[in-house]
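Please look at the sequence and the three-dimensional model below. The report then describes the fold, the cores, the disulfides and some backbone details.

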Amino acid sequence: MSDPPSRVYVCKNEGPETPKSDACKAAVAAGGTQAFYDWNEVSLLEAGGRHRQLIPDGQLCSAGRAKYRGLDLPRADWPAKRMSSGAQTITYHASAPHSASNFEFYITRDGWSPTQPLRWSDLVHIQTFNRQNPTTFTKWTINIPPRTGRHILYSIWQRVVGSAEAFYTCSDVDFGGTTTPPTDPPTDPPTDPPTDPPTDPPSGTWTAGTAYSAGQQVTYNGATYKCLQPHTALAGWEPANTAALWQKV
C-alpha cells in the first residue's frame, strides 16, 4: 500500500540504512535492513485464502515471517497519515501486477490500542474487490467507518490465477483525538497509601505471551536483559534477537 503508506513502504522510503523515524529505526534493529530492500515481498507463497490459519496473532504485519518481524512492533509512534471517515481513495503500488486478484481491506476496531500486538479479532472488514486486474498503481474508493485516534488499515492481496500467493500490508492512520475514550476521574477520595514501599518489577525467565514494562529485567539463555519499551512478548522476539526491545546488562 502506497497511500496511506504501509509500514514497510514508509521504512523503505526513509532508507533501510538510515531510517529517520524512531519506529523504522526500531524495525531495522529488530529484523535487519534486508526486509526494506525486499519491501514488496511481505507475502506467503501458499496462502490460498488460509490467512488466519497461517499467520498467528501478533504477526499480521509481517505475515508471520521472521524477516519482517520489525513490522509487528506495537508502537504508538509509527508514521501515520491523517484520515477521516467516509469515502476515501487508497492506492496500492504493485511492483509486479498480477491479474484476476482479490483485494480485502480491514480497519482496527473501536478501542484498539496501537501499543498492543495486532490480532485477527482486532480487524473489522471494510470491503473486498474480487477479480481485479491491478496496474503498477491502482486506486480504490472505500468507505471508512467512524474512528478516533490511531488505527491500522490492513490489506490482503490474494492471487487467484496461477498462484496461491498472498501479500499483506499494515498502514498506520490517525483520525485525531484519542484512541481510547478517557475514563471519568474517581469521585471518592483516595484511600490511605500502602505502608510497604513498591517493589522492583518482578524478574524471571523471558516467556512468550508475557507483558513486559520498560525497565523490567529478565533472564534468557543465562544472560540478563533490561526491557527498553513496553510490549507483549511473542515467539521470535527473544531478547537476544530484538535489540529494539531488550538491552543486555
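The following paragraphs describe this model from the overall chain down to single residues.

## Basis of the description

This is a predicted model, in which local features need pLDDT of at least 70 and side-chain atom pairs count only at pLDDT 80 or more, while totals for chains, interfaces and linings use all residues. Residues are numbered from 1 along each chain as its sequence is written, and side-chain values use heavy atoms, with hydrogens and water left out.

## The chain as a whole

The protein chain contains four helices and 14 strands. Helices (H or I, at least four residues) and strands (E, at least two) are DSSP runs, numbered from the N terminus. Of the 249 residues in the chain, 49% are buried. Here, buried means under 20% relative accessible area, exposed means over 50%, and partly exposed lies in between (1.4 Å probe, protein chains only).

The chain exposes about 12100 Å², and carbon and sulfur atoms supply 51% of this area. Accessible areas come from the Shrake-Rupley method with a 1.4 Å probe; for residues, only the protein chains shown count as cover. Among the contacts with a separation of 6 or more, 66% are between residues 24 or more positions apart. A contact means heavy atoms within 4.5 Å.

## A sheet of four strands

An open sheet with mixed pairing has the strand order β9-β11-β12-β14. Its edge strands are β9 (204-205) and β14 (246-248), each of which pairs on one side only. Two strands pair if DSSP finds at least two bridges between them. Strand β9 runs parallel to β11 (residues 217-220), and two bridges join them. Gly-204 stands opposite Val-218 in β11.

## The nonpolar cores

A nonpolar core is a set of buried Ala, Val, Leu, Ile, Met, Phe, Trp, Tyr and Cys residues joined through side-chain atoms within 4.5 Å. The largest such core has 48 residues, of which Phe-36, Ile-55, Leu-118, Tyr-154, Tyr-168 and Trp-246 touch the most other members. At least two residues of this core come from each of α1 (7-14), α2 (22-31), α3 (34-37), β7 (150-159), β8 (166-174), β11 and β12 (223-227). Helix α2 gives the most, with six residues. The core also draws at least three residues from each of domain 1 (7-175) and domain 2 (210-248); these bounds come from an automatic or database domain assignment.

Apart from this core lies another, of 18 residues, including Tyr-92, Ala-94, Phe-103 and Phe-167. Leaving aside residues up to four places away in sequence, Phe-36 touches Val-8, Cys-11, Lys-12, Pro-16, Ala-27, Val-28 and Leu-71.

## The disulfides

A disulfide is a covalent bond between the sulfur atoms of two cysteines. In this model, a pair of cysteine sulfur atoms within 2.5 Å counts as a disulfide. The structure holds two disulfides, listed here with their sulfur distances.

| Disulfide | Sulfur atoms apart |
|---|---|
| Cys-11 and Cys-24 | 2.1 Å |
| Cys-61 and Cys-170 | 2.1 Å |

The link of Cys-11 and Cys-24 is left-handed, with -90 degrees about the S-S bond. This pair links distant parts of the chain, with Cys-11 in helix α1 and Cys-24 in helix α2, 13 residues apart. Both Cys-11 and Cys-24 are buried.

The disulfide of Cys-61 and Cys-170 is left-handed because the torsion about its S-S bond is about -90 degrees. Cys-61 lies in the loop between α4 and β2 and Cys-170 in strand β8, so the pair ties together parts that are 109 residues apart in sequence. Cys-61 is buried, with a relative accessible area of 4%, and Cys-170 is buried at 3% relative accessibility. With bonded cysteines counted along the chain, the disulfides follow the pattern 1-2, 3-4.

## Backbone details

Most residues other than glycine have a negative phi, and most peptide bonds are trans. Which peptide bond is cis, with omega near -5 degrees? The bond from Asp-3 to Pro-4 is cis, and Pro-4 is found in the segment before α1.

Ala-63 has a positive phi, near 60 degrees. Ala-63 is found in the loop between α4 (51-54) and β2 (81-82), and Ala-63 is buried, with a relative accessible area of 2%. Ala-100 also has a positive phi, of about 50 degrees, although it is not a glycine. Ala-100 lies in the loop between β3 (86-93) and β4 (101-108) and counts as buried at 12% relative accessibility.
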